[in-house]
Amino acid sequence: LRPGVANLLDEETIAKYDTIFVGSPCWWHQPAMVVCTFLEAYDLKDKVVIPFFTYGATTYLNESMQKIYKVTPDSKHIPETLPEDLDADDITMPGRPDDAGIDMPGSANGTEGWLRRIGIIE
Ligand SMILES: Cc1cc2nc3c(=O)[nH]c(=O)nc-3n(C[C@H](O)[C@H](O)[C@H](O)COP(=O)(O)O)c2cc1C
């Protein structure tokens, strides 16, 4: 499903940005569907997309991340690769130990530490 986005930004506004941080809750191994609606509304070719999630447990982040990468196939991503290549749409196998190595703003040293680790600030 792709629920509509209220106040979708116009293409010209998006065109002004080279790097886009995409935040979402993790909902059953997936980003919120409306986040996919948003990403699919634009040509994000060659833009840098940096996904991050809020989540209730340290589970399913990899599949959620994979989905963001899947709906932005022409973008560059940080991180460039994910720990394990999963089928982002296969949500039938919860509990796979696939999240090791996925770094989020809430990991060590908070948002500032995360931004430093991914090379956004020095
Ligand atoms: C329907 C639903 C599914 C969820 N699925 C997951 C999940 O698969 N993994 C996880 O870590 N947290 C899961 N959560 C917890 C949410 O990620 C958490 O509530 C959210 O990130 C916090 O933002 P909120 O205050 O907007 O709910 C789920 C929450 C809901 C309501």
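Modeller: Buried means under 20% relative accessible area, exposed over 50%, and partly exposed in between, with a 1.4 Å probe and protein chains only. This is a predicted model, so local features need pLDDT of at least 70 and side-chain atom pairs count only at pLDDT 80 or more, while totals for chains, interfaces and linings use all residues. Residues are numbered from 1 along each chain as its sequence is written, and side-chain values use heavy atoms, with hydrogens and water left out.

Biologist: Is C36 buried or exposed?

Modeller: The relative accessible area of C36 is 2%. That is under the 20% limit, so C36 counts as buried.

Biologist: How many disulfides does the structure hold?

Modeller: A disulfide here is a pair of cysteine sulfur atoms within 2.5 Å. For C36, the closest cysteine sulfur is in C26, 12 Å away, so the two are too far apart for a bond. C26 is buried as well, at 14% relative accessible area. The count of disulfides is zero.

Biologist: Which residues of α2 are buried?

Modeller: Helices are DSSP runs of H or I with at least four residues, strands are E runs of at least two, and both are numbered from the N terminus. The cover over the buried residues of α2 includes β1 (19-27), β2 (30-31) and α3. Those buried residues are V35, C36, T37 and L39.

Biologist: At what angle do α2 and α3 pack?

Modeller: Axes are lines fitted to C-alpha atoms, for helices over the stretch in contact, and angles between N-to-C directions run from 0 to 180 degrees. Helix α2 spans residues 33-40 and helix α3 residues 61-71. Their axes lie 9 Å apart, and the angle is about 25°.

Biologist: Why is α2 described as roughly parallel to α3?

Modeller: Under 35 degrees counts as roughly parallel, over 145 as roughly antiparallel, 65 to 115 as roughly perpendicular, and the rest as oblique. The packing angle of α2 and α3 is about 25°. That makes the pair roughly parallel.

Biologist: Which residues of α3 make the contact with α2?

Modeller: Contact means heavy atoms within 4.5 Å. From α2 come V35, C36, L39 and E40. From α3 come K67, I68 and V71.

Biologist: Which residues does I68 contact, leaving aside neighbours within four places in sequence?

Modeller: I68 sits in helix α3. At 0% relative accessibility, I68 counts as buried. The contacts of I68 are V22, P31, V35, L39, V49, P51, F53 and H77.
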